[in-house]
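Please read the following walk through one protein model with its sequence and its three-dimensional view side by side.

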Amino acid sequence: MVCRNSCYYYSGVIYSLHFLFTMEGADLRYDIWNVSAPDPAALRELEKAGYHPLLATVLASRGLDNEEKVAGFLRSGPDGLHDPFLLEDMDRAVSRFRLALERGEKIAVYGDYDVDGITSVCLLSRYLIEKGADFVTHIPDRAEEGYGLNEAALRELRAGGVSLVITVDSGVTAVELAELAHDIGLSLIITDHHHCGEKLPRADAVVNPCRPGSTYPFGELAGVGVAFKLVCAMEGNQAGRLKMYSDLVALGTLADVMPVTGENRIIIKAGLNALETTDNPGVRALVRESGIKGRLNASSIGFVLAPRLNAAGRVGRAEKAVELLMTGDTDRASALARELCEMNQLRQQIENGIISKAVETLGPFETVEPRGAIVLAGEDWHHGVIGIVASRLAERYRCPVFLICVCGGRGKGSARGVPGVDLVNILADCADVLENYGGHAMAAGFSLGAGNIGEFAKRVGELCASRPDTPSSLYIDAAAEPSLLSRRAAEELSLLEPFGAGNAQPVFFLKETRIAELSPIGSGKHTRASLEAGGMRFQAVWFGVDAKELEFAAGDLVDAAFKLEINRFRGEENLQLQLVDIRPPAGEREAEDTELSAYRTLSGGSGLTGAQARRLLPTRAELGALWRYLGRRGGRSMSVTARRLSRDLARETGHPISLSRILAGLDVFSELGLIEMVRFGENLTIIPAEILEKRDLSDSPLYRRIKLCAEGGSSGG
């Protein structure tokens with residue numbers, strides 16, 4: 001492992017900081033499988049009530065352990081919505097809003113440039129059109145104005161005759177700008193759902209379920225959900241307003257990755273039903289241009305529609321997306337939908353360019369601290385896409401990522417986190433070097449002077465380095481008996497829909513399943529498999545995984561984690577397992593753990609026994625096979641697991657090489673300067689060195705130590 005300080009890139013200069021090495025091409029597997037163990041009594045009660053055993057297991061494992069709780073969760077009618085006046089300041093907001101309508105005041109709806117903000121603006125616009133109000137909308141330009149309220153926009157609105165500004169999905173941290181609004185004669189109603197600062201802004205009302213001390217029963221509304229509650233409070237008819245606005249509220253809530261529980265579940269379920277039969281020309285055109293086939297669901301909205309709506313605010317103007325959702329002109333809707341899809345393609349190109357630059361800057365050996373953070377800044381980066389790039393890097397490097405776009409002496413940043421780190425708390429600890437900040441625990445934005453980037457980076461590195469190491473975990477609802485995997489089971493599990501954050505699609509696993517077939521599909525981007533268990537064969541698919549990169553092959557015995565679904569294709573419906581992870585069975589994992597004990601002893605610096613050394617010592621033939629395997633990469637770096645190396649070498653040589661011997665051999669190569677290697681969990685990143693002269697194994701102290709002990713000597717401490 002290479003030990004050196006990390007760095008970030010800013011204006012061509014390298015500064016010291018913390019971040020992680022790359023694992024490009026590594027097998028993305030979970031460190032831990034957390035398998036639920038529901039109460040047997042609850043399972044019996046639910047099965048007795050008529051629920052399929054798999055569905056009953058999922059319900060019980062998620063705390064829905066009796067019929068009353070299940071009925072409450074599955075309830076999807078508007079009667080499950082809470083009284084909007086339970087939100088603090090809602091009465092004040094309604095009073096001021098009604099007064100403005102009665103007086104015929106000019107109102108401004110001040111939004112945000114993401115889908116949550118866009119749908120919030122559309123919702124209030126629909127309502128104000130219905131009321132015949134005099135109103136304008138303003139969504140700040142991401143590049144020119146940044147997030148939230150800004151002085152120039154407020155002064156322009158006031159000069160245009162606006163007397164009341166209603167914010168949606170923003171405003172709760174704008175303390176100074178709220179004072180400005182008051183000073184220039186603007187009334188302010190703030191509706192938001194982001195974390196509040198130490199002080200609330202001066203306003204006629206601040207409606208936010210996340211306000212300190214809030215007693216509202218559901219604190220996870222999206223910004224558009226809060227705007228919806230304001231309209232419901234104005235009209236007093238939640239059922240009717242849900243029917244009118246559920247499409248917009250569902251779009252914004254799903255796009256903002258809010259939990260699909262409580263009120264959100266009711267709203268999203270109604271919204272998906274409405275979107276399925278919508279006569280909104282903009283939605284229909286976007287679905288058509290996006291190539292979505294079949295029913296709209298949480299995934300198709302979150303991964304297909306939302307990025308295209310977001311693209312307007314990222315590389316263009318968010319007003320394009322507002323116009324798409326508001327227009328009644330079919331031809332105009334088609335043109336706008338095509339434009340948004342083109343913007344999304346441009347966004348992807350810009351995003352990939354920044355990712356390539358970031359990975360090039362980071363390099364594979366720039367850190368040893370897996371609990372640090374990535375802080376990168378660049379003058380040529382597009383501020384509209386750095387949030388997406390930060391998200392992809394955080395997922396790839398498994399650490400918090402802070403990306404900063406520098407322009408005109410100022411930096412605008414986006415941060416994305418990992419479980420165990422609250423980004424807002426991190427930014428709060430750096431508040432004295434920031435101009436402003438806000439967001440959620442896992443996603444936040446901030447701005448600062450370019451001269452403060454170095455100090456900010458130093459602090460972030462120190463704060464994140466102190467966090468506990470959090471292994472990646474896969475939550476599994478239950479081990480499944482093969483005989484229970486049926487069409488009926490999959491259909492009953494659909495009662496839990498819509499799926500999303502807080503209500504994930506259930507995951508099961510099959511023990512000791514044999515891989516009958518493996519084949520690439522989708523030009524190698526995905527894998528199709530046939531699995532055999534309990535005398536039954538199941539068809540499976542693993543999206544985003546190349547069959548050639550797997551450490552398993554046909555004939556191997558594995559534990560397989562999967563989601564159960566019905567695949568509908570070309571008029572046919574078939575049961576399918578959507579694979580999530582694969583690992584060796586328990587017995588094989590225990591045997592590997594025993595086998596690796598000798599290597600751990602070696603790595604820990606303790607003395608080896610003769611038996612351990614003999615298990616560790618690779619033969620010259622094995623070292624030769626390993627070197628030839630690495631050599632076929634043509635000097636290029638590779639990321640792989642020791643298990644996959646063992647599998648590939650066994651197929652090439654005709655006999656297996658133990659994991660311990662492979663790892664010891666790689667350590668010997670590293671000591672001889674033949675390779676550089678970094679280990680992160682089970683993943684190994686290996687770069688062959690440019691060595692022309694030969695190396696003798698006896699030049700490796702490690703090899704000599706193992707060999708001496710294996711021949712009966714002492715390995716020392």
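A residue is called buried when its relative accessible area is under 20%, exposed when that area is over 50%, and partly exposed in between, with a 1.4 Å probe and protein chains only. The model is a predicted one, in which local features need pLDDT of at least 70 and side-chain atom pairs count only at pLDDT 80 or more, while totals for chains, interfaces and linings use all residues. Residues are numbered from 1 along each chain as its sequence is written, and side-chain values use heavy atoms, with hydrogens and water left out. Helices (H or I, at least four residues) and strands (E, at least two) are DSSP runs that are numbered from the N terminus.

Asp89 is another residue other than glycine with a positive phi, here near 75°, and its place is the loop between α3 (67-74) and α4 (90-103). Is Asp89 buried or exposed? Asp89 has a relative accessible area of 12%, and is therefore buried. A further backbone feature is the cis peptide bond between Glu497 and Pro498, with omega about 5°, and Pro498 is found in the loop between α18 (487-493) and β16 (508-521).

The next stop is Ser700, which lies in the loop between β23 (683-688) and α24 (701-710). Ser700 counts as buried because its relative accessibility is 0%. Its side chain makes a polar contact of 2.5 Å with the side chain of Glu671; such a contact is a pair of N or O atoms within 3.5 Å, where within protein one must be able to donate a hydrogen and the other to accept it, and residues adjacent in sequence count only if both atoms are side-chain atoms. Once its neighbours within four places in sequence are set aside, Ser700 is in contact (heavy atoms within 4.5 Å) with Val668, Glu671 and Leu672.

Helix α24 itself has Leu702, Tyr703, Arg705, Ile706, Cys709 and Ala710 as its buried residues. These residues lie on the same side of α24, because they cover an arc of only 160° around the axis, the arc being that of the directions from the helix axis to the C-beta atoms. As background, an α-helix has 3.6 residues a turn, so residues three or four places apart point the same way. The elements that cover the buried residues of α24 include α19 (586-603), α20 (610-616), α21 (620-631) and α23 (659-671). Just after α24, Gly712 has a positive phi of about 110°.

Aromatic rings come next. Rings of Phe, Tyr and Trp (its six-membered ring) pair if their centres lie within 6.5 Å, and planes under 30 degrees apart count as stacked, over 60 as edge-to-face and the rest as tilted. The structure holds seven aromatic pairs. In one of them, the ring centres of Phe97 and Tyr127 are 6.0 Å apart and the planes stand at 70°, so this pair is edge-to-face. Because Phe97 lies in helix α4 and Tyr127 in helix α5 (residues 115-130), the pair ties together parts that are 30 residues apart in sequence. Phe97 is buried at 0% relative accessibility, and Tyr127 is buried with a relative accessible area of 1%. Trp627 and Phe669 also form an edge-to-face aromatic pair, with 5.3 Å from centre to centre and 70° between the planes. This pair links distant parts of the chain, with Trp627 in helix α21 and Phe669 in helix α23, 42 residues apart. Trp627 is partly exposed, with a relative accessible area of 35%, whereas Phe669 counts as buried at 4%.

Finally, the strands. Two strands pair if DSSP finds at least two bridges between them. Strand β19 (residues 557-569) pairs with β20 in the antiparallel sense over eleven bridges, and Ala561 has Asp581 in β20 as its bridge partner. The two strands form a hairpin with two residues between them, and Arg570 in the turn has a positive phi of about 50°. Strand β18 (residues 536-542) runs parallel to strand β20 (residues 572-583) and is joined to it by two bridges, with Val541 opposite Gln578 in β20.
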